[in-house]
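Visitor: I would like to learn how to read the features of a protein model, one at a time. Could we go through them together, with the general idea before the particular case?

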Amino acid sequence: MREGKLEQLIKQKRAFLRQATKDYSSGGNDMLDDVEVALKEAKAEIAHRLEITSCLREDEGEAAWRKECLTLYAEWLEKWFGKT
C-alpha cells in the first residue's frame, strides 16, 4: 500500500522530534502516536464499509453500488475531517 500524505507528514515530524529536546520530543511523539492510531482506525473503517458495500454491486447493480459508495464516503469524510 502506498503511503498517504498524512503518513509522510507524521514521519517528517518524528524525524524533527528526534532532533528536539527530550521533553518536547516526548510530548510531540505522544501526539503523533494518537494521530497514527486515528489514521489506522479511519483506514480500517473505510475499507470495511467499502467491502460491505461491494455486496450491493452484485445484488442491485453498478448504479446503486456507486450511489452507496458516494454516500458512505461522504459520511466517512465528514466523521473524520468535519463538515466543509
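Guide: Let us begin with charged side chains. Side chains of opposite charge can pair when their charged atoms come close. In this predicted model, the side chains of Lys-79 and Glu-45 meet in a salt bridge, with 2.8 Å from N to O. This pair links distant parts of the chain, since Lys-79 belongs to helix H3 and Glu-45 to helix H2, 34 residues apart.

Visitor: Are Lys-79 and Glu-45 buried or exposed, and which number tells me?

Guide: The number to read is the relative accessible area, and for Lys-79 it is 53%, so this residue is exposed. Glu-45, by contrast, has a relative accessible area of 17% and is therefore buried, because the word buried is kept for values under 20%.

Visitor: Which other residue forms a salt bridge with Glu-45?

Guide: Arg-49 does, and the closest N and O atoms of Arg-49 and Glu-45 are 3.8 Å apart. These two residues are four apart in helix H2, which means that about one helical turn separates them. Arg-49 has 24% relative accessibility and so counts as partly exposed.

Visitor: Which residues are linked in a network of salt bridges?

Guide: The network links Glu-45, Arg-49, Glu-75 and Lys-79.

Visitor: How many salt bridges does the count come to?

Guide: The count comes to seven salt bridges. Among them is the one in which the side chains of Glu-62 and Arg-66 meet, at 3.2 Å from N to O. Both Glu-62 and Arg-66 lie in helix H3, four residues apart, or about one turn of the helix. Glu-62 has a relative accessibility of 35%, so it counts as partly exposed.

Visitor: Now I would like to turn to the rings. How many aromatic pairs does the structure hold?

Guide: A pair of aromatic rings is described by the distance of the centres and the angle of the planes. The structure holds one aromatic pair. It is made by Tyr-73 and Trp-76, whose ring centres are 5.8 Å apart and whose planes lie at 25°, so the pair is stacked. The reasoning rests on a cut-off, because planes under 30 degrees apart count as stacked.

Visitor: What sits over the ring of Trp-65?

Guide: The charged end of Arg-57 sits over that ring, 3.6 Å from the centre of the ring of Trp-65.

Visitor: How should I read the empty space in the model?

Guide: Rolling a probe the size of a water molecule over the atoms shows where empty space is left. Here the largest pocket holds about 290 Å³ of space. Twelve residues line this pocket, and Leu-6, Leu-39, Ala-42, Trp-76 and Phe-81 are the closest to its centre. Helix H2, residues 22-60, and helix H3, residues 62-81, are the elements that give two or more residues to the lining.

Visitor: Which element gives the largest share of the lining, and what classes of residue are found there?

Guide: The largest share, seven residues, comes from H2. By class, the lining of the largest pocket has eleven nonpolar residues and one charged residue, with no polar ones.

Visitor: What can I learn by comparing separation along the chain with distance in space?

Guide: The two numbers are read side by side, and a few pairs will show how. Ile-10, which has its place in helix H1, residues 5-18, is 26 residues from Glu-36 in sequence and 7.8 Å from it in space, C-alpha to C-alpha. With a relative accessible area of 5%, Ile-10 is buried. Leu-50 is partly exposed, with a relative accessible area of 36%.

Visitor: How far apart are the C-alpha atoms of Lys-43 and Glu-7?

Guide: They are separated by 12 Å, while the two residues are 36 apart along the chain. Lys-43 is found in helix H2 and is partly exposed, with a relative accessible area of 31%.

Conventions. Residues are numbered from 1 along each chain as its sequence is written. This is a predicted model: local features need pLDDT of at least 70, side-chain atom pairs count only at pLDDT 80 or more; totals for chains, interfaces and linings use all residues. Side-chain values use heavy atoms; hydrogens and water are left out. On a 1 Å grid over the protein atoms alone, a cavity is a set of points where a 1.4 Å probe fits but cannot get out, and a pocket is an open set with protein on both sides within 12 Å along at least five of seven lines; lining residues have an atom within 4 Å of a point. Grid points are joined across faces, edges and corners, and a volume is the space filled by probe spheres set on the points. Ala, Val, Leu, Ile, Met, Phe, Trp, Tyr, Cys and Pro count as nonpolar, Asp, Glu, Lys and Arg as charged, and the others, Gly among them, as polar. Rings of Phe, Tyr and Trp (its six-membered ring) pair if their centres lie within 6.5 Å; planes under 30 degrees apart count as stacked, over 60 as edge-to-face and the rest as tilted. A charge sits over a ring if NZ of Lys or CZ of Arg is within 6 Å of the ring centre and within 35 degrees of the ring normal. A salt bridge is a side-chain nitrogen of Lys or Arg within 4 Å of a carboxyl oxygen of Asp or Glu. Buried means under 20% relative accessible area, exposed over 50%, partly exposed in between (1.4 Å probe, protein chains only).
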